[in-house]
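Please read this briefing alongside the sequence and the three-dimensional view. It begins with a question about a place in the chain and then moves from overall features to local ones.

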Amino acid sequence: MIETLDVVGNNQPQIGKVFLVGAGPGDPELLTLKALLLMKQADVVVYDRLTPLVILDLLEPRVERIFVGKEPEHHTLPQDKINQLLVSLARQGKQVLRLKGGDPFIFGRGGEEIETLIAAGVNFQVVPGVTAAAGCAAYAGIPLTHRDYAQACVFVTGHLKDGNLDLNWDVLAQPRQTVVFYMGLRSVHHICKKLCEHGVAGSMPVALVEQGTTPEQKVYCATLDTLSAVLHKSDIHSPALLIVGEVVNLRSRLAWFKTNTC
Ligand SMILES: C[S@@+](CC[C@H](N)C(=O)[O-])C[C@H]1O[C@@H](n2cnc3c(N)ncnc32)[C@H](O)[C@@H]1O
């Protein structure tokens, strides 16, 4: 195991430690070997709604499990309480596994949790995970970059704040790139409208991937013009990821994972 930087003051006994670990987007076999090794050593796991439950089954029965949320509009524990919980468990001398869906540093608030740990003098380690964009795109047969169609890829939050999305739409509307929206299910209509207003053709292909990398994965393919209508007829639930770009057309040839195409 890699040694971590000791952030503790000299006169404070430090026994526990927090491991901030990415669990990947759903398929348990996308878990890293490092994550699996840490799961075997943990005393307690603190996990979110998007942590794949099949992964929790890999924990030793002795491991204490603490669920901390979060639903889109309903946090089981507010973020500052989660931060304090991690500190408190580590101070009890526990090896704490903070398990998060995808990657902890991509729309995962991992940075905030670590800032609190540093301020409290708690040692930690970060283990990256397969982020939803990489996992969903791979399992949907959509390469996020491609020499002929996209030389860049942007990850963006689609989370609405006060009914609005304060994004740099001119940048997102640039050609020859793929734009991936996390947390964009409720804002699909708004996103499609804004991209078109900023110059993207209504015929631009898009894919919405629901429960990517799991046996329940569904992929809805449409265009910016037609996506809202397609979703209107469907019963689609979070988690879902929106991929916008020419690369979506490659799916018709590259799809390999047995899934429901809608
Ligand atoms: C709060 S963000 C967390 C992202 C996570 N840290 C990561 O790196 O994937 C949650 C969003 O990730 C996306 N997401 C996570 N897992 C997904 C999955 N299996 N299928 C589709 N989208 C997923 C959805 O857009 C969801 O609203």
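In which loop is the place of M183? M183 sits in the loop between strand 7 and helix 7, where helices (H or I, at least four residues) and strands (E, at least two) are DSSP runs numbered from the N terminus. This is a predicted model, in which local features need pLDDT of at least 70 and side-chain atom pairs count only at pLDDT 80 or more, while totals for chains, interfaces and linings use all residues. Residues are numbered from 1 along each chain as its sequence is written, and side-chain values use heavy atoms, with hydrogens and water left out.

**Overall form**

- The protein has nine helices and eleven strands, and its radius of gyration (taken over C-alpha atoms) is 20 Å, close to the 18 Å that the globule rule gives for 262 residues, so the protein is as compact as a globular protein of that length. The globule rule is 2.2 Å times the number of residues to the power 0.38.
- The C-alpha trace spans about 65 × 35 × 35 Å along the principal axes of the protein.
- Of the 262 residues, 48% count as buried, where buried means under 20% relative accessible area, exposed over 50%, and partly exposed in between (1.4 Å probe, protein chains only).
- Among contacts (heavy atoms within 4.5 Å) with a separation of 6 or more, 69% are between residues 24 or more positions apart.

**Nonpolar cores**

- In soluble globular proteins, nonpolar side chains tend to be buried together.
- A nonpolar core is a set of buried Ala, Val, Leu, Ile, Met, Phe, Trp, Tyr and Cys residues joined through side-chain atoms within 4.5 Å; the largest one here has 25 residues, and those with the most contacts inside it are F181, L195 and V244.
- Helix 7 (188-197) is one of the elements that each supply at least two residues of this core, and the largest share, four residues, comes from helix 7.
- Not counting residues up to four places away in sequence, L195 touches W169, L172, A173, F181, V200, L224 and V244.
- Apart from this core lies another, of 18 residues, which includes C136, A150, L241 and V247.

**Helix 5 and its surroundings**

- Helix 5 (residues 132-140) is mostly covered, since seven of its nine residues are buried, namely A132, A133, G135, C136, A137, Y139 and A140.
- These buried residues pack against several elements, including strand 6 (152-157), strand 8 (205-210) and helix 9 (251-254).
- G135, which lies in helix 5, counts as buried at 3% relative accessibility, and beyond its neighbours within four places in sequence G135 is in contact with P25, V130 and T213.
- Just after helix 5, G141 takes a positive phi of about 75°.

**Backbone features in loops**

- Most residues other than glycine have a negative phi, and most peptide bonds are trans.
- M183 has a positive phi of about 55° although it is not a glycine, and M183 is partly exposed, with a relative accessible area of 41%.
- F107, in the loop between strand 4 (95-100) and helix 4 (110-120), has a phi near 50°, a positive value in a residue other than glycine, and at 39% relative accessibility F107 counts as partly exposed.
- A cis peptide bond with omega of about 5° joins S238 and P239, and P239 has its place in the loop between helix 8 and strand 10.
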